[in-house]
Every structure is written in C-alpha cells, then in structure tokens.
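Have a look at the picture first, then read on.

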Amino acid sequence: PPETRATAWEPIRRGPAPLTDAARLCVCDLLVAQCDVNCCCDPDCSAAEFSLFTTCSVPVVTGDSRLCSQKAAVYSLDVEANPPERVMKLIDQVNPSLFCIHATNYKQALSFRPPEMPTSENFDQLLKKFGSATFSAEPDSWGMNSDAPNPSDANETYRYEHGVPIQTVDAFLRLPSPVVSSWCSDANPAGFLVHQATKCTRPVSVEECGSIQAVSMLFYINSSILAVPKSSQMVNITVQSVALQSLNGTQTLLRSSNVLRHPMILDGLCINIVLGVSYHITYTDTGEITEAAASFVLGAIDREALSIRQSFEISFTQVNTNPVPLSGNPGYVAGLPVRAGFKPQGYPFPTAVLLSALSTNRYGQLTILQSTASQDCLMAQEARTPVLFGYDMISGCKLRITAAMKCQPLTQALLDLLKGQSFPEYVASFGNSQAQDVLDWVPIIHLHTSEQGSCQIPVALEIEVKWTKYGSLVNPQARIVNVTATTTATTLKQLPLGRERTIPITTSVVFTDVSSPAEPGYKAWPTINAKLPHDFFFPFV
Amino acid sequence: TTSQLSSVPLQILFYVNGFYYIFYFLATLAMIIYKSQVFSYPDFFLAPDLALLCIMAILEALRLYLGSKGNLTEEEAPLGLSLALTVGSVILSVYFLTWQTYVLRADVVINALLLFTYGLEAVLQVLAIAAFV
C-alpha cells in the first residue's frame, strides 16, 4: 500500500538546530514582532525605538565561555549622540586560561542534547521512559517486565487496613448514606475499622413494594465479603437478629431470625421493608475478616407514605474479645452512660450484665423509665433509657387506678416499672472500671420512705449520684462515690366502685458534685544530700 | 682519527625526550581526567583517547630505547627502526593535537613541543644513519 512505502522513506525528524551565532541570539526578545523595552539586541526595534531606551538590559551576548576564542556581540547605547542610538559591536573574546577549549571533535560537546523526536517506532519506549510522574532511568529492562505480573506480589499476603473499603464478590460493602441532600446514595463503601452510622431518606411507595431493591433484606446480605482483599475466600453475611417495627413505633424482636423476609403487600400495607441495618464485622489482628452479621429492623408503610428513613451502622469487633464501651478513661465523660452491674451469688467480683436488650448492643448501664407519648404506665413496657453521667433526668407516667386493682400485684408491677427487670446492685466508680476490680464499684444504697397505711405502692424513684473530682488540678476526672436510690411510696386508698384515680409516677436522677475544694500540693524543696564518707578524717578518727 | 660516529646531540635529545615524555604522559592523562569531569565526555570518545595514549607511551619507550642503543653501538638497524617508530609517534602526536575529543590550549602547547622534538630527532637520526653507513 502506498502509505507504508511513504513512511519507509520518511527522513528522521530532528528538532531545530541549536542557535550558536552570537550576532543573532537575543535573550530579551520575548515579544514576537514587537519591540521589547530596553532590549538592545531585539531585531524588531527600529532606530526611533532605540532612542527611547535608557539602558541595555543585555549588554553582552557570548557563546560558551570556556572556548579559547569566540565571537561576542556587545550592545550599548550611545547617549552622546542626538538622538541616542544603539551601538552593536562584534568582537573576538579571548579566554586567557590555559585550559580553555581550543577545538572539539565532538559535535554535541557544547550544547544540550536535543530531545528524541517521537516516531512510530520509538513511541512506546519513550512513553514508558517519560510517560509517568518520574522518568525511569532504565527503560529497556523495565519495558519487558511491566506486562507480566510481578512474581514477588504472589507471595505477599493481602490484608485489610484501616480505611480500606471492604470488598465483596462484586464490588464493595455498601452503607447507604446521604450525599448532598438527605436521599440515600448506595455508593458509600464501608471502610475497615471505620465506625459509621448514617441515616438517609429513601423514596418508597406501596405500589413499588416488591420492586425496590434497597428496601429488601436480600440487598444487604446478598454478596459475600472477601476475607482478605483480592482473595477467593468469602465470608457470608448472616442475619443476627430481626426486629419488627410496627406503624406506631413499637419494636418486637423476632425469635427465629434465619428466615429471610421479603417485602410484600398485606392488608394495604407494604410490610417487611428494611428500616435499619446494623452490620457487625469480626476481624482478626492480621487484618482478615472472619465473620459478618447483620441485624435488621423491618417495618411497614401505608398508602400515604412517600419516603422512609433508613439508618445504617457498622461496627467492628476483634475475635475472642468482648469489648465493653467505656464511659470515660478514667473519669466519666458527661453524656456517656453510667455503667452498672451485679455481683452474682457466690462470686466475689461484680460482672457487668446486659441490662437493656432488644436490638442494640449496650452493656451494663443504669437505666430509668422512659416517658412515652401515651403516658400510660401500664402500657409502657420495656422502654428504658440509660442514665447519662452529669445529666439530671426526670421521667414518668400516669397510673390510672381503678377499684378493681389489687394491692400486691399493683405494687409489684410498679416496682418493675420503676426499677426495670433487673436493677443493678453496683455502679462503676470510674468510666473504665473493670469487672475484676471490686473496689472500683460502688454499691447502690436503697432507701424507702413510706407513709402509714396498709397498702403502700411505690410512686417515685429518685436516684442521687454523688460524684467528685479526682486526680490532678489541671485535668480532674469525675468519679462516682455514692449512689442512693430512694423509693417513695404512698398509701393506696380503696376506691369506691366505678371511680378512678390517676396518680403520677416519676423517676428522677440527680447528679451532685461533692468534690472537696482542691488543695494544691507543692513538691518538697530539694535537699542537698551531702554526706561525708565515714573515713573522711581517717588518720584522726 | 678514530672519531666517534655516535651523535652527541642525538643522545642528549633522547635523554631529554625521555624526561619530557614522562611529563607529557602525566599531563595528558591528568587533562583527560579533568575533561571527563568538567565536560560531557561519553565513554565512546573517552576509550579511544586513553587507548591511544597508552599505545603512544609504549611506542615512545621502545623508540627511545632502540634509538639510544643504535646511536651508542653505531648500528644502523636499530636506529632505522627507531626512525620508523618516530613516524608513528608523530602521527599519534598529531592526533592529540587536532583529532582529540577536546583539545585544550595546554594540549596544543605540549603537543607542539613534542612535535618539534620529534622533528629535530628525526633529522639527527637521518644524519647519524648517514654517518654510520
């Protein structure tokens, strides 16, 4: 074909030849076809423009100064003449040094090497050499190995590092989160050891119940996680627990959590749609994921709903550890839950026990009754809120007493309501108290105040937490020294038939600072410990 | 009269040439090293220059020895051989004067001096051979 023949005869292209004529070189000629100010060597300037100059910015133009004799162009302004004119002289400059270059037989000796012109033959080699951010010194040897996989990488074991996205079979483990607006974006990867908790809004409707993927459980446990990056070892995501949330907000934990529930339409509602996912990833200390579990909260939407709010969370646990979240280190931090526990029978040490269950994973916290919207004591079951250090709280509900209620069951129900299913016996003194240190736990003192009467029902529980500042003056740590739980009871008077009474039931928590005023302690003055050796006065003593 | 035929000026010249050549060899070597550090001196050009300098040194030693021996023993053969080697040395000196990669002014000076010495020696050798024959 004629094209290839033409390229075969194409001459080798070179760059422009270096300019070495001193008379034609002009360093200050920067503007093309325009006169540069004070540039005496500029060929674009006319005599009239030269007369306006004040000095010559480049007085001498020479070649390489190491040559024995070379031409030099000297530019100067003759200010005596009227108008001033530029004078150019071409002189022979002689280098007096003995080691000046008399002659060279090497053409490229005195100028920089012109760069190689890319042609179709050397383009790949030039690209490898100069194509990246740094120029490689050995293009030929590297060019051969770059395509083959590096054998040293095969033996290197991959592992997850902090912040690296967790890889699944197809892409990454997704944690939908709001991006610009509050709408969910499914492109947020979960990072290894990066605890994230996000909430976002997703548009749904009852008609599209079965077709939206992101509200179905399968979407979140479908792809298996790779145990280490770029490996074939997979870890399936298991369903740890499923909680069903009804339309009015009450959640119930399901017993059998192995069954995958798909969104479906039932009685005009779309049920089994995912309202929240909480991933729990277990990892080893070599950066390998061993287990993955997901806890779901499924809910239902009715016909008027246009969007739902989904919440996602991911947490990481190291294998063979049971982390207990600290409430301070060592002193309590305001806003973190007060830790509490029990001393099991026959066991000298208190152990922190799961106090509030359900779908969250909180350990060993002191809890009080949580007020609900309905304010009816007998309906508010199992809604407790943890006591946060430093925050005085009060909560309560209203109890409707009818004539038919008996004393003893009512007392028991109210006690359960006020104190919860398992009221702890000990409270941690410091935020990081370990279960083994008995002395770091403060026993809860129970007091009762009651009136005279036959039937006493507890109506109020007041927890007073006395704390003190402990430690250094500049960084005092909060320490709980005393916890007193006072139960107040009133007499239940028998009501006539058909009449009702409403009494308020309250729970309150008060934090009192009982720190003694600080006394700064100063260090002792340094003493000079100069003792003479015992045989100092040897000949005499 | 049995006058000696050995040429005294030639012998003096050989003697001085020996010392001068040692100086020449060291100076040229030092300047080649200097050039390789200061200028761009690729290996492709450095190797021939160094090789020719070494060959010139060997040639020079041989030439001075043969010439001196021939002159002192009044034999034409070694002196003739020395004359032939002088031609070779002259060519090498001209190389270092004009065809070297970098010719410095100092190179010009010492090579010119060496060429002058060779010229003088060649004339005296021819005269000595003519006298011996």
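Start in chain A, where strand 1 and strand 2 (residues 69–78) pair in the antiparallel sense over three bridges. Strands here are DSSP runs of E with at least two residues, numbered from the N terminus, and two strands pair if DSSP finds at least two bridges between them. This is a predicted model: local features need pLDDT of at least 70, side-chain atom pairs count only at pLDDT 80 or more, and totals for chains, interfaces and linings use all residues. Residues are numbered from 1 along each chain as its sequence is written, chains are lettered from A and ligands numbered from 1 in the order in which they are written, and side-chain values use heavy atoms, with hydrogens and water left out.

**Around strand 23 of chain A**
- In general, strands of a sheet pair through backbone hydrogen bonds, either parallel or antiparallel.
- Strand 21 (residues 441–449) of chain A runs parallel to strand 23 (residues 476–491) of chain A, and six bridges join them.
- In that pairing, A:His446 stands opposite A:Ala485.
- Strand 22 (residues 456–471) of chain A pairs with strand 23 of chain A the antiparallel way, over 15 bridges.
- Here A:Thr468 stands opposite A:Arg479.
- A hairpin of four residues links strand 22 of chain A to strand 23 of chain A.

**Where chain A meets chain B**
- The contact (heavy atoms within 4.5 Å) takes 16 residues from chain A and 17 residues from chain B.
- In chain A, A:Phe99, A:Asn105 and A:Tyr106 lose the most area to chain B, together 44% of what that side buries; buried area is the accessible area (1.4 Å probe) that two parts lose on being put together, summed over both.
- How many salt bridges cross this interface? The rule (a side-chain nitrogen of Lys or Arg within 4 Å of a carboxyl oxygen of Asp or Glu) finds zero between chain A and chain B.
- Strand 4 (residues 101–104) of chain A gives the most to the side of chain A that touches chain B, with four residues.
- Three bridges join strand 4 of chain A to strand 1 (residues 102–104) of chain B, and the two run antiparallel.
- Along this pairing, A:Ala103 has B:Val103 as its bridge partner.
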